[in-house]
Amino acid sequence: MEQLNQFMTYAQEAVLLGRECLLKYFGKIKQIEEKDQAAGLVSEADKESERIISEYLKLKCPDFDFLGEESAYEMNQSQFDISEKPRWILDPLDGTTNFVHRFPVFCISLALEYKGDILLGIIDMPILNQNFYSIKGQGAFCKCLS
């Protein structure tokens, strides 16, 4: 259980880095693309947020796998299967359409999964300054950030 608390600390630190990135881009998006197969929009904010978060998590947990929404399009299908190692799962900008249209309801979604079981999760809403988080068996919480 102590280890999960440490992983939550890493996850929260990573999400705060992603939050800073998204706030930097909010209202200033210059590059927007459509994903394949009508999967929605992707912007430079999505890609940069994923890069920043994934680099931080890989530094703190080098033996963990990583599955990010934006980099997933470059992966083969077998990488979506249940991993034998702990795996971070990230949507670096959940609500890109809202973000692009300057609607403040968007978030960063991050979870830690191990053998198909979600151990912890975070939903961070940068503009609304809300951070929802949970560790399996310890409840779910919301804190307001500034």
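Which residue forms a salt bridge with D65, and how far apart are the closest N and O atoms? I found K85 as the partner of D65, with the closest N and O atoms 3.3 Å apart. I took a salt bridge as a side-chain nitrogen of Lys or Arg within 4 Å of a carboxyl oxygen of Asp or Glu.

**Entry 1: ground rules.** I am working on a predicted model, where local features need pLDDT of at least 70 and side-chain atom pairs count only at pLDDT 80 or more, while totals for chains, interfaces and linings use all residues. Residues are numbered from 1 along each chain as its sequence is written, and side-chain values use heavy atoms, with hydrogens and water left out.

**Entry 2: D65 and K85.** I placed D65 in strand β3 and K85 in the loop between α3 (69-72) and β4; the two are 20 residues apart and link distant parts of the chain. Helices (H or I, at least four residues) and strands (E, at least two) are DSSP runs numbered from the N terminus. D65 is partly exposed at 24% relative accessible area, and K85 is partly exposed at 40%. For these classes, buried is under 20% relative accessible area, exposed is over 50%, and partly exposed lies in between (1.4 Å probe, protein chains only).

**Entry 3: other salt bridges.** I noted seven salt bridges in the structure. One of them joins E113 to R87, with the closest N and O atoms 2.9 Å apart. This pair also links distant parts of the chain, with E113 in strand β5 and R87 in strand β4, 26 residues apart. Are E113 and R87 buried or exposed? E113 has 4% relative accessibility and counts as buried; R87, at 5%, counts as buried too. I then saw that salt bridges with shared partners join K24, E48, R51 and E55 into one network. Within it, the side chains of E55 and R51 meet at 3.2 Å, N to O. E55 and R51 are four residues apart in helix α2, so about one helical turn separates them. E55 is partly exposed at 45%, and R51 is partly exposed at 38%.

**Entry 4: the sheet.** I looked up the strand order and got an open sheet of six strands, β3-β4-β5-β6-β7-β8, with mixed pairing. Why is one side of β3 and of β8 left without a neighbour in the sheet? β3 (65-68) and β8 (140-144) stand at the edges and each has a single partner strand, so one side of each has no neighbour there. From one strand to the next, the twist averages 15°. Two strands pair if DSSP finds at least two bridges between them.

Entry 5: β6 (residues 117-125) and β7 (residues 130-135) pair in the antiparallel sense over six bridges. In this pairing I find G121 opposite S134, and L120 has I135 as its bridge partner. Helix α1 (residues 2-25) packs on the sheet, touching β4 (87-94), β5 (107-114), β6, β7 and β8, and its direction makes about 30° with that of β6. Helix α2 (residues 44-60) packs on the sheet as well, touching β3, β4 and β5, at about 155° to the direction of β4. Contact means heavy atoms within 4.5 Å; axes are lines fitted to C-alpha atoms, for helices over the stretch in contact, and angles run from 0 to 180 degrees between N-to-C directions. β7 and β8 run antiparallel, joined by five bridges, and Y133 stands opposite F141 in β8.

**Entry 6: hairpins.** The β6 and β7 hairpin has four residues between the strands, and N129 takes a positive phi near 55°. The β7 and β8 hairpin has four residues between the strands, with G137 at a positive phi near 85°.
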